[in-house]
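The points are grouped by topic for use beside the sequence and coordinates.

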Amino acid sequence: MKEITIGKNEAGQRMDKYLKKYFRSAGSGFLYKMLRKKNILLNRKKAEGKEMLAEGDTITLYLSDDTIEKFRKAPGENEEEKEIYPCIPLDILYEDENYIIVNKPAGILSQKASPNDHSMVEYLTGYLLEQHQITRKELETFHPSVCNRLDRNTSGLILAGKSLAGLQDFSELLKKRSMKKYYLALVQGRPEQSGRYRAWLKKNAGTNQVKILTQPCDGAAMIETGYEVLWSNGRCSLLKVDLITGKSHQIRCHLASLGYPLAGDSKYGNVAWNQKLRKTSGLNRQFLHAWQVCFPKLKGRMSTLSERTFTASLPDDLRNVLNQEKCGWHEIKREKV
C-alpha cells in the first residue's frame with residue numbers, strides 16, 4: 001500500500017490524467033480496472049477518475065511494490081538513466097512562483113523535436129532544479145513548460161509556466177488572444193502603408209512548410225496579421241508585426257505572400273537578397289524577433305502582470321543588419337518602447 005499527497009503542481013487536473021503521468025507504462029484499461037476494484041482510492045473513497053484533484057488530496061494505492069515499480073517506469077527506461085536538464089544562462093525578464101518570461105536566443109528550440117534534443121523546456125527545468133524551485137520527484141508528475149512556441153531561429157519572448165496553475169493561466173490568455181504580441185521583422189521592399197491582413201494557411205507536414213491561400217479550403221486555417229512600418233530606406237523596411245492569430249510560420253509566409261519576404265528566411269525569402277545580406281552583415285537566419293508582449297487588465301493570481309508590457313532586447317546579429325542598412329534603431333526604440 002502507498003499513499004500519495006497531491007501538491008500544488010498536481011492540483012487542478014483530472015485524477016485519471018494524473019494517474020497516467022504517475023504510472024507511465026500502465027494502460028488506461030488497467031488504471032480504470034484498479035479504480036473500479038477500489039485498488040486506487042481518492043481520499044479513502046471509491047473514485048471514477050474524472051474527479052478534479054485539489055491540493056492536499058490523498059490517493060491510496062492498494063498495489064504491491066513490484067506492481068507500482070513496474071508501471072512507474074517509462075517503456076524501455078533504463079534504471080541507471082536519468083533525463084539530463086542542462087543549465088545555461090537565461091535572460092529572464094520576469095519571474096514569480098507561477099510564471100517566467102525569458103528572452104530566447106536564436107538557435108534554440110522552444111520544445112523538443114526529437115528525444116535527444118535540448119530545448120527551452122529542458123533549460124528552464126535545469127534552472128529550476130539548480131535554484132531548488134522544483135525537485136526531481138516533482139518532475140515525475142509535473143513538468144514546467146513553455147506556453148508559446150518560436151521557431152528555432154526566431155529569437156525573443158517565451159512565456160512559460162513554472163507551476164500547473166501558471167501553465168493553465170498563460171495557455172488561457174493565449175487561447176483567448178487577450179494579450180498583444182508584437183514582433184520585429186526586416187523585410188524586402190517598402191510597404192505602402194501599415195495594415196491588417198487576413199488569409200488562409202495550409203501546412204504541408206511532409207515538407208514542414210506552409211502555403212498562403214486567399215480563399216478558405218479543407219485543411220486551411222484562417223490567419224490574421226497586422227504590421228506597422230517603423231522605418232524604411234526603400235530597399236528594405238523594419239516592421240512591427242501584430243500577431244493576431246498564431247499559426248506555424250505565419251509571419252514568415254504571410255509577409256512573403258504580400259510581397260515582403262523576411263531578410264534571411266531560407267524557406268520563404270529571396271535567395272539573392274539573403275546571400276547578399278550574409279556577405280555584408282553576416283545574417284544567417286531569418287530577421288524575426290518576438291519583441292513585446294502586452295498583458296491586459298488581470299486579477300487574482302495574475303494581477304502582478306496586469307497591464308504590463310515586456311520588451312526583449314534585440315540581439316547583436318539583428319542589430320548588425322540594421323546598422324549595415326543605416327537604420328537608426330536607437331531612435332526608433334525610444335519612440336516605440
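The lining of the largest cavity comprises six nonpolar residues, two polar residues and one charged residue. The model is predicted, and a search of the whole structure finds two cavities of 30 Å³ or more. It also holds 15 salt bridges, while the search for disulfides returns zero.

**Cavities**

- The largest cavity has a volume of about 80 Å³, and its lining consists of Asn148, Leu157, Leu159, Lys181, Tyr182, Tyr183, Ala290, Gln292 and Val293.
- Strand 8 (155–161), strand 9 (180–188) and strand 14 (288–294) are the elements that give two or more residues to the lining of the largest cavity.
- For the second largest cavity, the volume is about 40 Å³.
- Its lining is formed by Ile100, Val102, Met120, Leu124, Val146, Ile158 and Ala160.
- By class, the residues lining the second largest cavity are seven nonpolar, no polar and no charged.

**Largest pocket**

- The largest pocket contains about 1,100 Å³ of space.
- A total of 39 residues line the largest pocket, and those closest to its centre are Arg149, Leu150, Asp151, Lys247 and Ser248.
- The elements that give two or more residues to the pocket lining are helix 5 (164–176), strand 9, strand 10 (195–204), strand 13 (236–243) and helix 6 (250–257).
- The lining of the largest pocket divides into 12 nonpolar, 13 polar and 14 charged residues.

- Four strands form an open sheet in the order 1-4-2-3, and their pairing is antiparallel.
- Strand 1 (2–5) and strand 3 (45–46) are the edge strands, each pairing on one side only.
- Strand 1 pairs with strand 4 in the antiparallel sense over four bridges, and within this pairing glutamate 3 has threonine 60 of strand 4 as its bridge partner.
- Strand 2 (residues 40–42) and strand 4 (residues 58–61) also run antiparallel and are joined by three bridges.
- In strand 4, leucine 61 stands opposite isoleucine 40, and threonine 60 is the bridge partner of leucine 41.
- Side chains in a regular strand alternate between the two faces of the sheet.
- In strand 4, Thr58 and Thr60 point one way, Ile59 and Leu61 point the other way, and all are buried.

**Salt bridges**

- Oppositely charged side chains can pair when their charged atoms come close.
- Glutamate 97 and lysine 8 meet through their side chains in a salt bridge, with an N to O distance of 3.9 Å.
- This pair links distant parts of the chain, 89 residues apart: glutamate 97 is in the loop between strand 5 (92–95) and strand 6, and lysine 8 is in the loop between strand 1 and helix 1 (15–22).
- Glutamate 97 is exposed, at a relative accessible area of 56%, whereas lysine 8 is partly exposed, at 44%.
- The side chains of arginine 301 and aspartate 169 form a salt bridge at 2.8 Å, N to O.
- Because arginine 301 lies in the loop between strand 14 and strand 15 (309–311) and aspartate 169 lies in helix 5, the pair ties together parts that are 132 residues apart in sequence.
- Arginine 301 counts as partly exposed at 46% relative accessibility, whereas aspartate 169 is buried, with a relative accessible area of 14%.
- A salt bridge also joins arginine 252 to aspartate 265, whose closest N and O atoms are 2.8 Å apart.
- Arginine 252 belongs to helix 6 and aspartate 265 to the loop between helix 6 and helix 7 (271–281), so this pair ties together parts that are 13 residues apart in sequence.
- Both arginine 252 and aspartate 265 are buried.

**Cysteines**

- The search of the whole structure finds zero disulfides, and cysteine 147 accordingly is in no disulfide.
- The sulfur of cysteine 294 is 18 Å from the closest cysteine sulfur, that of cysteine 147, which is too far for a bond.
- Cysteine 147 is buried, with a relative accessible area of 17%, and cysteine 294 is buried, also at 17%.

Technical notes. Residues are numbered from 1 along each chain as its sequence is written. This is a predicted model: local features need pLDDT of at least 70, side-chain atom pairs count only at pLDDT 80 or more; totals for chains, interfaces and linings use all residues. Side-chain values use heavy atoms; hydrogens and water are left out. A disulfide is a pair of cysteine sulfur atoms within 2.5 Å. Buried means under 20% relative accessible area, exposed over 50%, partly exposed in between (1.4 Å probe, protein chains only). On a 1 Å grid over the protein atoms alone, a cavity is a set of points where a 1.4 Å probe fits but cannot get out, and a pocket is an open set with protein on both sides within 12 Å along at least five of seven lines; lining residues have an atom within 4 Å of a point. Grid points are joined across faces, edges and corners, and a volume is the space filled by probe spheres set on the points. Ala, Val, Leu, Ile, Met, Phe, Trp, Tyr, Cys and Pro count as nonpolar, Asp, Glu, Lys and Arg as charged, and the others, Gly among them, as polar. Two strands pair if DSSP finds at least two bridges between them. A salt bridge is a side-chain nitrogen of Lys or Arg within 4 Å of a carboxyl oxygen of Asp or Glu.
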